[in-house]
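Open the model in your viewer and colour it by secondary structure. The stops below give what to select and what is there.

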Amino acid sequence: MKPTVGTGLSSVDAASRLALDGPNELPRAGQRSTWRIALDVLREPMLALLLLGGLAYLLLGDLTEALILLGFATFSVGVTVVQEARTEHVLEALRDLSAPRALVIRDGARLQVAGRDVVRDDLIVLEQGDRIAADAVLVEASDLQTDESLLTGESLPVGKIVAGEAESDAAHRPGGDGQPYVYSGSLVARGGGIARVLATGPRSEIGRIGQSLATLDTEAPRLSRETTRIVTWCAIGGGAVALSVVLLYGLLRGGWIEAVLAGIAIGMSMLPEEFPVVLTVFLAMGAWRIGKIGVLTRRAAAIETLGSATVLCTDKTGTLTENRMWLAELWLPTGETLKLGAGVAVPESYYLLIETAALASAAVPTDPMDIALHGARAEMPDIALPAGAPVHVYALRPELLAMSNVWADGDTLATSAKGAPEAIAALCHLTGDALAAMTAAVEAMAVRGVRVLAVATATPLDRDWAETQDDYAYTLTGLVGLADPIRASVPAAVAECRSAGIRVVMITGDYAATARSIATQAGIDDGDVLTGDDLATLDDAALTARLKSVTVFARIMPQQKLRIVQAFKAAGEVVAMTGDGVNDAPSLKAAHIGIAMGKRGTDVAREAAAIVLLDDDFGSIVQSVRLGRRIYDNIRKAMAFIFAVHVPIAGLALLPLFFGMPLLFGPIHIALLEMVIDPVCALVFEAERDEGDIMTRPPRDPAEPLFAVSMIVWSVFQGGLAFAMLASVFFVETWSGMPEAELRALIFFALIAEIVALILVNRSFSAALGEALLRHNAALRYVGVAIAGVTALILFLPQAQALLKFGSIAWSDMVLAVGLGVVLLVLLEGCKPLVRWLLARAAPASQPGSVTAA
């Protein structure tokens, strides 16, 4: 039984409905314990490899390397656990949006209850400033306006009316003036009323958004997937080779202890533990760098993904625009028009229009339009508004979308009205040319993205107030046009996105004409406008076909935003989505990269997004794209170096076995070499600067693998050439009778020199030898000093030579070692143009200017 307005539900009925429907909050999704999440993480090959590598070093007694690898493993577990818990944080944020307290009518009395205790058919009392506790239909309303921007994304409050008999159960959705429905999580911006609850908890509009978030899966980072795969194969291959070495050495030479040491050395030389280390460090450093420009990274891998974005879906209100209204245009019935802006003086002929519009607004403005009109009046020193409140108010009604305030100056009464142009035209009884002129002016403003209100005045004869506004004789004062200005940084940011090959698409709940106007001001490419109603008639295939030509989506609902993002993803695009409201959360989570606004955005949007713009600056997206592309370039450079450097290390570990010679390198030598490789990858390549074409080349193909065949071939060629040079020296010096200890030292120092050469070769995709040597990189200087220091210690410290089983070598041999590095550097730099030409012929769509990125 539905309650009457007077009594509301009984306490018994409320308790039974609470037991039947459950509390007015979102149900918790199935949760995994921290231990369960950690166990799931431990099953991943990448992390298992880090742990095994740490264990291997621990068994070898190398505590430092073991602790480093185990530290990375622990960090990886922590990051993953936090990421897995994000969905629960989103749901918690949604719960917080529910009103903590609600004023309800039960047993004929008004009662404050917890928001979670509000039940279906409760009567809730709404007052200005309240957050509405549940979806409801109005049974009483007095000048009620609600801010539904959390659900619709639109900044303007919408007027509400009392429901008719047939409207209680009609289909409805948030947004638009003149509805009798209010929604959970929205705010009462003006007026008050009483509403009967229709839906609570997960059955409310905000609850359905929460449920969709709980069922969405976050896009798995592509780099992690690829790195996991390559690391797994390398680990399997390295393990197989190491086992084979142990068996062959033991069977052919008979020394099983030496065989195990040889196997460990081979396994360590082929163990690519740098891959996950590089990925973790580069993305963590990227998060730190991007934070310095006002961007918070919630998922580090999203920075790299943003660098490959092909489509940027952006909200309008608050993202492209400033989310504040200002008086932009005035029109008088004489046909005079004034466009306002910085430095534009307002003629006295427009003063009456501005004064009347302000008088027709709330005396204490709370909604953006009233604030804008009062602000415009305040700039006119000759306009003084009466103090106090109007003596009578006519609120918005469903049959007449206009409102009037009656003011008294002594015995003189004056009525000021504003509202929808068609409503004011009806009050003024406009016909013929006057109506046509006003309609033409309204349409001209609407095309420019301006929201239009008509303003009129009337003079009541006495204080015997008429029942409705229709009973007064109104005179049209004019039209006021209000606009939400475009952010100053947006056009340049959109232009840079276009130059980087990123297509910008606007998705908004606003009307098509307004949306197209804002898109044009923002510099978004001309294209089709697709409305929500039209989108609803399209199946997935038809929508995918339309995506190619549409640049503006207007009158879009939250579920449709999600569908648009999913359609772009299905079409093979890498999708970035910006937003700030609850309505944006599902699409933010479903996109490859969700970008939320930090200042104005809701907790829900921030929790669902991968990246948060702390200063709400759309231009920060472009800087994030640049950094994302730089990170990807540098990861490829580091990966190419890792592939290249392991070839001579593994080759020199295997070479003596094939020719029956004593082992050159044991586990301690490999561990010492890893002390060079790890910091080089983690520090030098991460700190490399942008390539020159970073923001003029198109986004890379989403299907392009990180470990492309061309990159591996180029890297193996580099490493193979280095190994060939070292092997030649090894054979020549062996045949010339150089002692084993001296030969080991010579080859070790020559290998260090060649590693340095490989660092310089892979620093840049360009072929400039001078740039490879002189390009600024502070981290490289520090690593260079460290390498020189370690080399000097080994050369001059007898204990170090004894530990490494090195003999003293002549300075001429050191010159030979350094010379090998120099020759390798010159040869590889000279090969770059030829390699790039060959790759361009093999794959014309390769990234321009990239040797390793084809």
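Select helix α23 (residues 619–658) and helix α26 (residues 740–762), which pack at an angle of about 160 degrees with their axes 10 Å apart. Helices here are DSSP runs of H or I with at least four residues, strands are runs of E with at least two, and both are numbered from the N terminus. Axes are lines fitted to C-alpha atoms, for helices over the stretch in contact, and angles run from 0 to 180 degrees between N-to-C directions. The angle makes α23 roughly antiparallel to α26 (over 145 degrees).

Now show the side chains at this contact (heavy atoms within 4.5 Å). From α23 come residues including Phe641, Val645 and Leu652, and α26 contributes Leu751 and Ile755, among others. The contact residues divide into 12 nonpolar, 1 polar and 1 charged; Ala, Val, Leu, Ile, Met, Phe, Trp, Tyr, Cys and Pro count as nonpolar, Asp, Glu, Lys and Arg as charged, and the others, Gly among them, as polar.

The model is predicted: local features need pLDDT of at least 70, side-chain atom pairs count only at pLDDT 80 or more, and totals for chains, interfaces and linings use all residues. Residues are numbered from 1 along each chain as its sequence is written, and side-chain values use heavy atoms, leaving out hydrogens and water.

Next, select the open sheet of 8 strands, ordered β8-β22-β21-β20-β9-β17-β19-β18 with mixed pairing (at least two DSSP bridges between two strands). Its edge strands are β8 (295–297) and β18 (528–531).

Zoom in on β9 (residues 311–315) and β17 (residues 503–507), which run parallel and are joined by 5 bridges. Thr314 has Met506 of β17 as its bridge partner.

Definitions and conventions. Angles under 35 degrees count as roughly parallel, over 145 as roughly antiparallel, 65 to 115 as roughly perpendicular and the rest as oblique.
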